[in-house]
Amino acid sequence: MLRPRWVYRVSALLSSAREKYARDDGHPHDDGDEQQQRSSVPAHTKNYRFRTHQFLVSLVLVFVLGASVQVHKLSALDASGREFRQTTTKDKTMFLVPFAIAKATSNLFSGSMANRFGRKRVGIFGWMISVVAPMLAMSAVTRRTADESDNEKWNRIVASGFFLGVGQGIGWTMAIMTSVDVSGPTQRGFASGMCETVGYTAVAIFAAMYAALEETRATCHWEEAYRPKQMRTEACIRANPEGKCGVGDDWVEACSGMCNCEGYIERPSTVVFVMSMIGLVVICVFGRETGLSSDRNRSNRSNRNNNGRVSLQVRELETPGGDHDDGSFCADDDEDESGTASFLQGRDQDSSSSPAVGVAQ
C-alpha cells in the first residue's frame, strides 16, 4: 500500500527536528564556531532527554510558585480587614510593601548568584525561604498569639510578605534561567515565555480555587457588644441593613470591628505550606545543575594547578643549586657573565695570534 506524499514529508521534518535538537546548542552552526559553542554549553546539557526533563521541572516549579504566591497574597489581603480589623487602606496594603521590595532585590542579585553558585543551589535556597512565609502567617492565628492585639498579629502577616517576595524572586528567576539553559538559541524566547505563561496560568487557576476555599472555610460573626442592632453605627446599619454576618460575602467595610471573620489565614496558609514543600522536594530530587558554574570552577581549579606547577618548575630552573636570595643570585649572574666575557675575549686573542706564530716557525 502506497503512502501519501505528506506522510513522508512529515516524517522527514520530524527526523530533521530531532537531529537539530540533538546538537550541542539546538541549531546548526558553522564548523569554525563549533568549538566556541561547545565550550559555552555544559556537557550534561547536550542530552535531549535531560533537557526535556529539566524544562518540565522548570514549568512545574513556576506553576507551584505562582499558585502559592497567589493564595498567600489573596488570603492576606482579605484577612487584613475581616480578621485583623485593619480599617485604613494604608494598613491593608502594607503587606505588599516588603513583598515588592524583597522581590525586586532578589531579582536583581539572583542572576549573579546563580552564575557563581549554580542554579540548583540558589533555587533550593529560594524555596527554603518560601517555606518560612506560610509558617510565619500561621503563627499569627495560633493559640500562643491569642493574647496579642490585632496589630501585632497583622505585623506577622506583613513580615511574611518579605519571605514570600524573596522566595518568588529567586525561585521564579532560577526556573526561567534553567529553561533558557536547556533551550537552543532559537528557543530561548519560547522557553522564557512558556514559563511566564504557565506561572500566570497558575495564578488565574488558584484565584478561582481560593474563592471556593473562602466560601467553605471562612466564617463571620458579630462581636458580643454589637449583637443588638442598635449598638452598631449608622454607617454599618446602612451598609448592612439586613444585619447578616455569617460568611465572608456578608462582611462590609463599614462594619469592620463589629462583624469579624475567621479562617482566612489558617487553611490557605496550610495550602501554601504544602505547595512550598512540594516545590522544595521537586527541585531537590528532580532538579539538576544546568549552568556553567561547575565547569568554570573545575577549569579555574585546573588553571590554578597548572599555573602553580609552571611557577614551581621555573623556580627550580632558576635556583638549581639551592636556596639563594635575590642579591646573591644576581651577583652570581654578574660573575658568570663577566667570566664568560673574559673567556671569549681570551679565545679571540689566541685565534688572532696563531697565524703569526705559524709564519715565525
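Helices (H or I, at least four residues) and strands (E, at least two) are DSSP runs, numbered from the N terminus. The model described here is predicted, so local features need pLDDT of at least 70 and side-chain atom pairs count only at pLDDT 80 or more, while totals for chains, interfaces and linings use all residues. Residues are numbered from 1 along each chain as its sequence is written, and side-chain values use heavy atoms, with hydrogens and water left out.

The protein chain holds 12 helices and 2 strands. From the N terminus, the order of elements is α-α-α-α-α-α-α-α-β-α-β-α-α-α. Of its 361 residues, 34% count as buried. Buried means under 20% relative accessible area, exposed means over 50%, and partly exposed lies in between (1.4 Å probe, protein chains only). The chain exposes about 21,700 Å². Carbon and sulfur atoms supply 57% of this area. Accessible areas come from the Shrake-Rupley method with a 1.4 Å probe; for residues, only the protein chains shown count as cover. Among contacts with a separation of 6 or more, 80% join residues 24 or more positions apart. A contact means heavy atoms within 4.5 Å.

The search used a 1 Å grid over the protein atoms alone. A cavity is a set of points where a 1.4 Å probe fits but cannot get out. A pocket is an open set with protein on both sides within 12 Å along at least five of seven lines. Lining residues have an atom within 4 Å of a point. Grid points are joined across faces, edges and corners, and a volume is the space filled by probe spheres set on the points.

By this rule there are 2 cavities of 30 Å³ or more. The largest cavity contains about 120 Å³ of space. Its lining has 14 residues, and Leu61, Arg119, Met174, Thr178 and Ile283 lie nearest its centre. Helix 3 (48-82), helix 6 (119-138) and helix 7 (150-181) each supply at least two lining residues. By class, this lining has 6 nonpolar, 5 polar and 3 charged residues. Ala, Val, Leu, Ile, Met, Phe, Trp, Tyr, Cys and Pro count as nonpolar, Asp, Glu, Lys and Arg as charged, and the others, Gly among them, as polar.

The second largest cavity contains about 30 Å³. Tyr210, Leu213, Glu214, Arg217, Ala218, Gly263, Tyr264 and Pro268 line this cavity. Helix 8 (residues 188-217) gives the largest share of the lining, 4 residues. The classes here are 5 nonpolar, 1 polar and 2 charged.

The largest pocket has a volume of about 390 Å³. It is lined by 19 residues, with Glu83, Val141, Cys261, Glu262 and Gly263 closest to its centre. Helix 7, strand 2 (259-262) and helix 10 each supply at least two of the lining residues. Strand 2 gives the largest share, 3 residues. The pocket lining has 5 nonpolar, 5 polar and 9 charged residues.

Two single residues complete the description. Thr290 sits in the loop between helix 10 (266-285) and helix 11 (293-318). Thr290 counts as buried because its relative accessibility is 2%. Its side chain is joined to that of Asp181 by a polar contact of 3.1 Å. A polar contact is a pair of N or O atoms within 3.5 Å; within protein, one must be able to donate a hydrogen and the other to accept it, and residues adjacent in sequence count only if both atoms are side-chain atoms. Val97 lies in helix 5 (residues 96-117). At 41% relative accessibility, Val97 is classed as partly exposed.
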